[in-house]
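This report describes how the side chains of one protein model are arranged. Please keep the sequence and the structure in view while reading.

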Amino acid sequence: AVLWNAVVLRVVGTVLMRGGTWDLIDWILFVVVLPFALVGAALAALSVYLGVPLLNPRVVIEVTPGIAALGEPIDVSWHFEGPVDRIPRVVVRLEAREEVLAPNQSRKGAGAPPTLSQQRVLRRVGVVQAATPAEIRSGSVSLRIPADSVPSFTGHHHRIAWYICLHGGSDRWPNVRQELEFTVRPLPLVA
């Protein structure tokens with residue numbers, strides 16, 4: 001984006017610095033360069049938009065146990081590394097998602113893993129909100145996986161996945177989003 005804008009600004013600056021009245025060549029050059037200047041401005045804005053979230057604090061989520069059965073509780077803990085003063089609230093929830101997988105059509109060949117094409121939330125459990133700086137910086141909660149839900153499953157074109165989702169919202173700053181996938185076993189068979 002910097003090189004692009006440097007070249008475009010050089011051409012635009014040359015045209016604008018001539019002074020006096022513009023002749024036909026100046027107008028044509030200006031009209032030809034204008035789309036390039038707009039693309040350069042969009043690239044600069046996109047660089048800032050994508051770069052600002054890199055300044056967000058990093059969040060670490062831990063789930064104990066890493067594999068749980070339906071109906072069992074899990075302990076979720078989180079902590080932020082970095083300043084959390086820009087994050088006024090944090091929401092932690094447990095989600096089960098159905099994901100439809102499409103065959104990967106890339107150049108990697110038949111051995112490439114499938115790509116996610118569609119997903120929908122099957123179950124959302126235990127929405128926990130933290131609003132004070134101490135609760136936001138680090139916290140823990142115990143959530144119970146519903147016994148009447150579905151366990152984790154992976155097929156050729158379909159899968160059920162469970163996630164711990166943490167979302168730190170802000171009105172003037174990019175949001176913090178972190179997800180951690182974990183495995184949910186089915187209920188044991190009772191004889």
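Where does Leu187 lie? Leu187 is placed in the segment after S9.

## Basis of the report

The model is predicted, so local features need pLDDT of at least 70 and side-chain atom pairs count only at pLDDT 80 or more, while totals for chains, interfaces and linings use all residues. Residues are numbered from 1 along each chain as its sequence is written, and side-chain values use heavy atoms, with hydrogens and water left out.

Leu187 is partly exposed, at a relative accessible area of 44%. In this scheme, buried means under 20% relative accessible area, exposed means over 50%, and partly exposed is in between (1.4 Å probe, protein chains only).

Leu187 and Pro151 are separated by 36 residues in sequence, yet their C-alpha atoms are 8.3 Å apart in space. Not counting residues up to four places away in sequence, Leu187 touches Leu70 and Ala147; contact means heavy atoms within 4.5 Å.

## The nonpolar core

A nonpolar core is a set of buried Ala, Val, Leu, Ile, Met, Phe, Trp, Tyr and Cys residues joined through side-chain atoms within 4.5 Å. The largest such core contains 28 residues, and those with the most contacts inside it are Ile74, Trp78, Phe80, Leu94, Ile145 and Ile164. At least two residues of this core come from each of strand S1 (58–64), strand S3 (73–81), S4, S5, S6, S8 and S9. In soluble globular proteins, nonpolar side chains tend to be buried together.

Which residues does Ile74 contact, leaving aside its neighbours within four places in sequence? Among them are Val63, Leu94, Val141, Ile145, Ile164 and Phe182.

## Salt bridges between strands and loops

How many salt bridges does the structure hold? There are 10 salt bridges, each being a side-chain nitrogen of Lys or Arg within 4 Å of a carboxyl oxygen of Asp or Glu. One of them joins the side chains of Glu98 and Arg120 at 2.6 Å, N to O. Because Glu98 belongs to strand S4 (residues 89–102) and Arg120 to strand S5 (residues 115–130), the pair ties together parts that are 22 residues apart in sequence. Glu98 is buried, with a relative accessible area of 18%, whereas Arg120 is exposed, with 51%.

Arg123 and Asp148 also meet in a salt bridge, at 3.0 Å, N to O. This pair links distant parts of the chain, since Arg123 is in strand S5 and Asp148 is in the loop between strand S6 (138–144) and strand S7 (153–154), 25 residues apart. Arg123 is partly exposed at 28% relative accessibility, and Asp148 is exposed at 61%. Ser149 is likewise in the loop between S6 and S7. This serine is buried, with a relative accessible area of 14%; not counting residues up to four places away in sequence, Ser149 touches Leu70, Arg123 and Trp162.

Arg159 forms a salt bridge with Glu181, the closest N and O atoms being 2.9 Å apart. Glu181 is in strand S9 (residues 176–185) and Arg159 in strand S8 (residues 158–169), so the pair ties together parts that are 22 residues apart in sequence. Glu181 is partly exposed at 40% relative accessible area, and Arg159 is buried at 16%. Salt bridges that share partners also join Arg93, Glu95, Arg97, Arg124 and Glu179 into one network.

The ring of Tyr163 has the charged end of Arg97 over it, 4.3 Å from the ring centre. A charge sits over a ring if NZ of Lys or CZ of Arg is within 6 Å of the ring centre and within 35 degrees of the ring normal.

Definitions and conventions: Helices (H or I, at least four residues) and strands (E, at least two) are DSSP runs, numbered from the N terminus.
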